Amino acid sequence: MERIIVPTLVQLAIIGTNELLYYRSLEKPEWVVLSGTLIAAALMIGNQGLHLEYILVLPILISLFFFRKRLLYLAFAANLLTFFLIYYGYSEFRTIMTPYDLCIFFAIMIGILYIALQIIGQGKQMIADFMRMMTSEQDLVVKNAVMDRLAKIDALTDLYNHKTLHEYLEQLIEQSNNNVMPLQLAIMDIDNFKSVNDTYGHAVGDAVLSRVAQAIKDSLSQNEIIARYGGEEFVVIFPGKTLFEACQEMERTRELIYSIAHEEMKGSRISVSIGVAEHVSGKSSSALFEEADACLYYAKKHGKNQMVAKQHARKSSSSSV
């Protein structure tokens, strides 16, 4: 009876200690492996008349979960020490273990150690290969995202480029025609920009372009599609907004741009002229561009630093509707 109760209590104590350490986040891999050895020893001591020495394989199997050779060697050494202590400490155990049994036991334990080392080695190699594959795939995704962005974004202004603008415009015109969604287009041109480049140089001109692009982004909502159309010309698409709303936003943008004092130009300000047109169902994107461009031309011809909308076809320094 004692042989059953005492080993059972020892095993329960070991398991309970592991649970306590686990819940307190104090559990260490070394203790887990040694716990396996202690449980195996308790079973062997409680059943000395049986050949249970191979239960010492348990700590080795436990060490495999951590994929650490150091823990595997610890389990192997603890197993051998435990086996010798039990073998020389309990005569009944020695009587059932013949020299042949001892040789077979040690041969099997060494074989299991070798197999476990191979498993850890192969497992680490598989993990390394998997991580390399994941890294390669992540790098590919990042590169594709960067390439996709570079294909769509103007490098200087961080706005959409000419090609991307037309792709979005065609999609929005189709959506506008199908769903009767209002759609406005604004073309904006920096006034006298050539003189900026001629007087201060192209580096200053690039700084002005970048600053104007940022001002446009700051003044408009995230729903608008903003693009650098070419040179000093910018285009804004207003999906879902009326002509009045688009003109209000573009007038606010014009005022913000004119309020900026450019240090590179000794504090001088620059202005923009803007043409705004409304898409009419059934018309093409080129027709919409022509109408907005005509409004822009009118604004340029009649004083600059103003906005002209298609609806009234007259100049305005505020909303044209």
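Begin with helices α2 and α4, which are roughly parallel to each other because the angle between them falls under 35 degrees. The model on screen is a predicted one, and in it α2 covers residues 29-46 while α4 covers residues 69-89. Select both helices together, and you will be looking at a pair packed at an angle of about 25 degrees, with axes 10 Å apart. If you turn the view, the way in which α2 passes α4 is a right-handed crossing.

Next, show the side chains where the two helices meet. From α2, select Pro29, Glu30, Val33, Leu34, Thr37, Ala41, Met44 and Ile45, which meet a set of α4 residues that includes Arg70, Leu74, Ala78, Phe83 and Ile86. Sorted by class, this contact holds 12 nonpolar, three polar and two charged residues.

Across the whole structure, a search finds 13 aromatic pairs. Tyrosine 87 counts as buried at 13% relative accessibility, whereas tyrosine 88, at 58%, counts as exposed.

Finally, move to tyrosine 160 and tyrosine 168, where the ring centres are 5.2 Å apart and the planes are at 65 degrees, so this pair too is edge-to-face. Here tyrosine 160 is partly exposed, with a relative accessible area of 26%, and tyrosine 168 is likewise partly exposed, with 24%.

Terms used:
Residues are numbered from 1 along each chain as its sequence is written. This is a predicted model: local features need pLDDT of at least 70, side-chain atom pairs count only at pLDDT 80 or more; totals for chains, interfaces and linings use all residues. Side-chain values use heavy atoms; hydrogens and water are left out. Axes are lines fitted to C-alpha atoms, for helices over the stretch in contact, and angles run from 0 to 180 degrees between N-to-C directions. Helices (H or I, at least four residues) and strands (E, at least two) are DSSP runs, numbered from the N terminus. Angles under 35 degrees count as roughly parallel, over 145 as roughly antiparallel, 65 to 115 as roughly perpendicular and the rest as oblique. A crossing is left-handed if the near helix is turned anticlockwise from the far one by less than a right angle, and right-handed if clockwise. Contact means heavy atoms within 4.5 Å. Ala, Val, Leu, Ile, Met, Phe, Trp, Tyr, Cys and Pro count as nonpolar, Asp, Glu, Lys and Arg as charged, and the others, Gly among them, as polar. Rings of Phe, Tyr and Trp (its six-membered ring) pair if their centres lie within 6.5 Å; planes under 30 degrees apart count as stacked, over 60 as edge-to-face and the rest as tilted. Buried means under 20% relative accessible area, exposed over 50%, partly exposed in between (1.4 Å probe, protein chains only).
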